[in-house]
Amino acid sequence: MIEGHSRAIPSPLPEETVHGFRSASHLLIALRRRLAQEHMGFRLYAAGTEGFLWDVAGACEAAGMGKAEYRLCHSGSAQRRIFCVHCRTMTDGVTTNLVTCSGCGAQLFVRDHFSRRLNAFMGFQIDAEVPGETIPVEELYR
Amino acid sequence: MIQRDIAYRVRAIESLSPTLKRIVLESATGDPLPVGAAGAHIALTLKCGDRILRNSYSLIAPSDGTGRYELIVRRTDPSRGGSHFVHDELTVGAVLAGYVPHNLFPSFSHARKHLLIGGGVGITPLLAHLAALRREGARVELHQLAAAEEVALFTQLLAPWAGDDVQVHGGREGLDLEALLSRQPLGTHVYVCGPAALMDRVEGMAVALGWPDGRIHRESFGASGGEPFTVRLARSGGEVRVGPDESMLQALENAGVAAPSLCRGGACGECLTRVLEGEPEHRDHYLTAEEKASGQFVMPCVSRAHSDMLVLDL
């Protein structure tokens, strides 16, 4: 469970079977270490935002687990992580159909094409073919 | 078109024990033999008196470029005739008709670890896997179950790969299967070959411990005997009696019925036949549970009948 900030150290939760973590990164480090010790028959269930779920799935696959051995359930925000196909920078927390790349500054169109490997949606420059031709900005992924 | 039939010549026969013989085959025509990867088997046509048997045997070594296939054949009692023929009549230089290797028991290269479990002569495909996996540097562990008097023999066969992760256990109770399957790391695949009871036990235990489907692999040369029954051929007419010691496929072949087949072990699906009447007794690993329950199909290479009569669309 991700608790945030320093509340997680020490674990604020009394039961030993529930561990608090400062952040998703903190949890994923512990998860990878834990999976390396686990045995066949183990099952993992994760709930959270899409980016978190696919980070967990990546840790599971890296540990040798298959799709039958983990379950993912989306909850919370539908905001997207965008991979800029031009400069390869990730831009997190995107809720709109257009976003400025945090790397190269291009106006990216947010596609529905999702890469499990990169754990990100693809973004490409909206006016790459006809400079200046763009579309209105809308909030689509809250 | 890939050539399917090959003429094999017996290059060598070595007696390993009173009931086990190692057979080395080479091409009878001088043409190079196709590669037989670890887990592959070949089918040989054996003329035993007035009967013709087609038996499948696993290759005990990967045959990449060696020009030879090696098998181990157990003399069984009672035998359908094949093993007695191999043990008592087959001589060096004899030529046998057979198929090119087929592999229905391959290893999975993305596995983090390979756990091999053999029972008796079921060690044969595992010997090939062990050699190939060790050569690739893969993580592998082998457990062989053997009758007490054969522990020394199997230990000797495994001597080239001796180590803590290669163990021979005497007797049925020699191996704590539950403990073994419980301590395997994530990403392990288990491969079992041996008597059906052992394979069922490993599969049942692994499933009970939560191993997912695609991680449990079993070799499928099953026993074919059972209660006798009759097959009626709806298309070509006529009836074929299936005796207690022969498979439905053998009975059909002996009656001159052109029935397709490949693995002869209920795994490949080649012999799939439509059932028009009667209740099949399914012993294959090809049909899904739903297809088996529907009673509409049967795999004649291993399956039989609960009813006295089975009407097939042949």
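Visitor: Which residues does A:Thr95 touch, not counting residues up to four places away in sequence?

Guide: Contact means heavy atoms within 4.5 Å. With residues up to four places away in sequence left out, A:Thr95 touches A:Gln79, A:Glu138, A:Glu139, A:Leu140 and A:Tyr141.

Visitor: What pLDDT do local features need in this predicted model?

Guide: Residues are numbered from 1 along each chain as its sequence is written, chains are lettered from A and ligands numbered from 1 in the order in which they are written, and side-chain values use heavy atoms, with hydrogens and water left out. This is a predicted model, in which totals for chains, interfaces and linings use all residues, side-chain atom pairs count only at pLDDT 80 or more, and local features need pLDDT of at least 70.

Visitor: Is A:Thr95 buried or exposed?

Guide: A:Thr95 is in the loop between strand 4 (90–94) and strand 5 (98–100) of chain A. Buried means under 20% relative accessible area, exposed over 50%, and partly exposed in between (1.4 Å probe, protein chains only). A:Thr95 has 18% relative accessibility, so the class is buried.

Visitor: In what order do the elements of chain A run from the N terminus on?

Guide: Helices (H or I, at least four residues) and strands (E, at least two) are DSSP runs, numbered from the N terminus. Chain A has two helices and seven strands. Read from the N terminus on, the elements of chain A are α-β-α-β-β-β-β-β-β.

Visitor: Which residues is A:Ala57 in contact with, leaving aside neighbours within four places in sequence?

Guide: A:Ala57 lies in helix 2 (residues 50–62) of chain A and is buried, with a relative accessible area of 3%. The C-alpha atoms of A:Ala57 and A:Leu140 are separated by 25 Å, the two residues being 83 apart along the chain. With neighbours within four places in sequence left aside, A:Ala57 is in contact with A:Tyr70 and A:Leu72.

Visitor: Which residue in strand 7 of chain A does A:Val110 stand opposite?

Guide: Two strands pair if DSSP finds at least two bridges between them. Strand 7 (residues 120–125) of chain A pairs with strand 3 (residues 80–84) of chain A in the parallel sense over three bridges, and in strand 7 the bridge partner of A:Cys84 is A:Gly123. Strand 6 (residues 107–115) of chain A pairs with strand 7 in the antiparallel sense over five bridges. In strand 7 of chain A, A:Val110 stands opposite A:Gly123.

Visitor: Which residue in the turn of the hairpin formed by strand 6 and strand 7 of chain A has a positive phi?

Guide: The hairpin has four residues between its two strands. A positive phi of about 55 degrees belongs to A:Asn119.

Visitor: How far apart are the mean positions of the positive and negative charges of chain A?

Guide: Lys and Arg count as positive and Asp and Glu as negative, while His and the chain ends are not counted. The place of a charge is NZ of Lys, CZ of Arg, CG of Asp or CD of Glu. For the 15 positive and 15 negative charges of chain A, the mean positions are apart by 6 Å.

Visitor: Why does chain B count as being as compact as a globular protein of that length?

Guide: Chain B comes to seven helices and 19 strands. The radius of gyration is taken over C-alpha atoms, and the globule rule is 2.2 Å times the number of residues to the power 0.38. Chain B counts as that compact because for 314 residues the rule gives 20 Å, and the radius of gyration of chain B is close to it, at 20 Å.

Visitor: What share of the 314 residues of chain B count as buried?

Guide: Among contacts in chain B between residues at least 6 apart in sequence, 66% join residues at least 24 apart. Of the 314 residues of chain B, the buried share is 51%.

Visitor: Which strands stand at the edges of the open sheet of chain B?

Guide: This open sheet has five strands in the order 14-13-19-15-17, with mixed pairing. Each edge strand has a single partner strand, so one side is left without a neighbour in the sheet; the edges are strand 14 (239–242) and strand 17 (297–298) of chain B.

Visitor: What is the bridge partner of B:Arg232 in strand 19 of chain B?

Guide: Strand 13 (residues 229–233) and strand 19 (residues 309–312) of chain B run parallel and are joined by four bridges. In strand 19, the bridge partner of B:Arg232 is B:Val311.
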